[in-house]
Amino acid sequence: MDGLPKPQRYFAVFAISCGTALTVIDGAIPNVALPTIARDLGVEASAAVLIVSVYQLVLVMTLLPLSALGSRIGLKRMYQYGQCVFIGSALLCFLAPSLPLLLAARTLQALGAAAVLSVASALVRSVYPGKQLGRGLGINSIIVASSAALAPILGGFIAAAVSWHWVFVATVPLGVLSLLVGQRSLPDVPPQSESVSLLGALLCALTFGLIISGLLALSQGQSISASLLVVAAGALFAVVFVRRERSQASPILPVDLLADRVVALSIAGAQCAFIGSMTFILSLPFRLQQQFGFSPGEVGTVIAPWPLAMMVTAPIAGYLSDRYHPGILGGIGMAIATLGMVLLALIPGDASHSDIAWRMVVCGTGYGIFLSPNARVVISAAPLARAASAGGLISTNRLVGQALGGTLLAGLLAAGHGSDSTPAMIGATLAFLAGICSVARLKFR
């Protein structure tokens, strides 16, 4: 059957929406509280960024192997197992009394999130009829954007009103609700017969883990020679990993999909966009609190217009992507985002809340126009049997960009430029490059 029948489809959409909100909110909610956490635990600001960076690092290391495992054991089973791990580790984060223990709990939480995200896009494809895929991805984008809008507001409120520990359990009710509804409504996609290569999974984890952790160590001011040696080791494993995956029938790293130049350009453009947005958004709480004297609650309110604008524009862009070329839509979106980033870099010293908010709306509008059509290109290019791999590729690409953005910001903070206009200018440059990648797709399709 092409998609689920009604009303099961609606219940499945609700369950996936709750699961999506669960991971999006928890991935973003600590951002606003980072200065408060750093102050309360007595650590440097650059060390507090590890709460985000370690989470993203573990996600990147495990998401592609888990997407392959999800195809093997069943998408629904992997999705709900991941939610159980996520909820349990959220409680451990709440109880963590120190930064090392908090990082350990966030590591476990990232494993649960990776299991959820690894099969989420494949489930979306199984829920909706093929002719409504763009619409379905647009609806999913609404959930992502609205959750991202809620996260800074909720995080700022919690950090200002109660202990920061509560930011890590705010999403637990969503996880429980998703588990209960999804048990009966999520599609039972038949597992694939191919086995999962443990060697491939290990090479994947080593490739991403060593490269990103080496860059993170470099940004934290660790030994330059040792950090570069770790990055070089990761690059060596990357070469071995890619060469091995090219000979596999069902590769963990979907090199078969990346051979399509349109997909490759879509992934490259999204990578630039994610690095730029993460570098800037993580820097904003530090800039607004240190330079403008904003409280955590005010910071959350000012950041929220970005995802709120995405919430409005992403579903429209998803609908339009069923009719118009995604390259055009993406180029327009990134042009708008570039303008917004430049305007944010040039915020005057006496700027009001509204002066910052409308600039955030410009950026969010641009990203909303870009992301949904871009994701549709990758998902629709994969055969149904490779849907989980395509979804894993999208999520991994996003997480690599976010991890690199967090690493870049940590380096900028250590160098004394993380709370000025530098992150915004970097974001503008990368958004411009993403627009070039999007427009370049017009040449091939």
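Gly327 is buried, since its relative accessibility is 0%, where buried means under 20% relative accessible area, exposed means over 50%, and partly exposed lies in between, as computed with a 1.4 Å probe on protein chains only. This glycine is found in helix H14, which spans residues 326–345; helices here are DSSP runs of H or I with at least four residues, strands are runs of E with at least two, and both are numbered from the N terminus. Gly327 and Val312 are 15 residues apart in sequence, and their C-alpha atoms are 20 Å apart in space.

The model is a predicted one, in which local features need pLDDT of at least 70 and side-chain atom pairs count only at pLDDT 80 or more, while totals for chains, interfaces and linings use all residues. Residues are numbered from 1 along each chain as its sequence is written, and side-chain values use heavy atoms, with hydrogens and water left out.

**Separations along the chain and in space**

Phe208 lies in helix H8, residues 198–219, and counts as buried because its relative accessible area is 17%. Val439, by contrast, lies in helix H17, residues 422–440, and is partly exposed at 42% relative accessibility. The C-alpha distances for these residues are set out below.

| Residue pair | Separation in sequence | C-alpha to C-alpha distance |
|---|---|---|
| Gly327 and Val312 | 15 residues | 20 Å |
| Phe208 and Ser185 | 23 residues | 35 Å |
| Val439 and Ile328 | 111 residues | 6.1 Å |

**Helix packing**

The axes of helix H1 (residues 8–41) and helix H5 (residues 99–127) come within 10 Å and cross at roughly 155 degrees, where axes are lines fitted to C-alpha atoms, for helices over the stretch in contact, and angles run from 0 to 180 degrees between N-to-C directions. H1 is therefore roughly antiparallel to H5, given that angles under 35 degrees count as roughly parallel, over 145 as roughly antiparallel, 65 to 115 as roughly perpendicular and the rest as oblique. The crossing of H1 and H5 is left-handed; a crossing has this hand if the near helix is turned anticlockwise from the far one by less than a right angle, and is right-handed if clockwise.

For H4 and H7, the axes likewise come within 10 Å and cross at roughly 155 degrees, so these two helices are roughly antiparallel to each other, and H4 passes H7 in a left-handed crossing. The axes of H11 and helix H12 (residues 296–303) come within 10 Å and cross at roughly 130 degrees, which makes H11 oblique to H12, and this crossing is right-handed.

In the segment before H1 lies Pro7, which is joined to Lys6 by a cis peptide bond with omega of about 5 degrees.

**Aromatic rings**

The count of aromatic pairs comes to five, with rings of Phe, Tyr and Trp (its six-membered ring) pairing if their centres lie within 6.5 Å, and with planes under 30 degrees apart counted as stacked, over 60 as edge-to-face and the rest as tilted. One of them, formed by Phe94 and Trp166, is edge-to-face, with 4.7 Å centre to centre and 70 degrees between the planes. This pair links distant parts of the chain, 72 residues apart, with Phe94 in helix H4 (residues 75–95) and Trp166 in the loop between helix H6 (133–161) and helix H7 (172–185). Phe94 is partly exposed at 24% relative accessibility, and Trp166 is partly exposed at 44%.

Another pair, Phe280 and Trp306, is stacked, with 6.0 Å centre to centre and 25 degrees between the planes. Phe280 in helix H11 (residues 261–291) and Trp306 in helix H13 (residues 305–320) are 26 residues apart, so that this pair also links distant parts of the chain. Both residues are buried, and together with Tyr367 Phe280 and Trp306 form one aromatic cluster.

Arg106 lies over the face of Tyr55, at 4.0 Å from the ring centre; a charge sits over a ring if NZ of Lys or CZ of Arg is within 6 Å of the ring centre and within 35 degrees of the ring normal.

**Cysteines**

The model has zero disulfides, a disulfide being a pair of cysteine sulfur atoms within 2.5 Å. Cys437 is in no disulfide, and the nearest cysteine sulfur, that of Cys272, is 5.3 Å away. Cys437 counts as buried at 15% relative accessibility, and Cys204 is buried with a relative accessible area of 0%.
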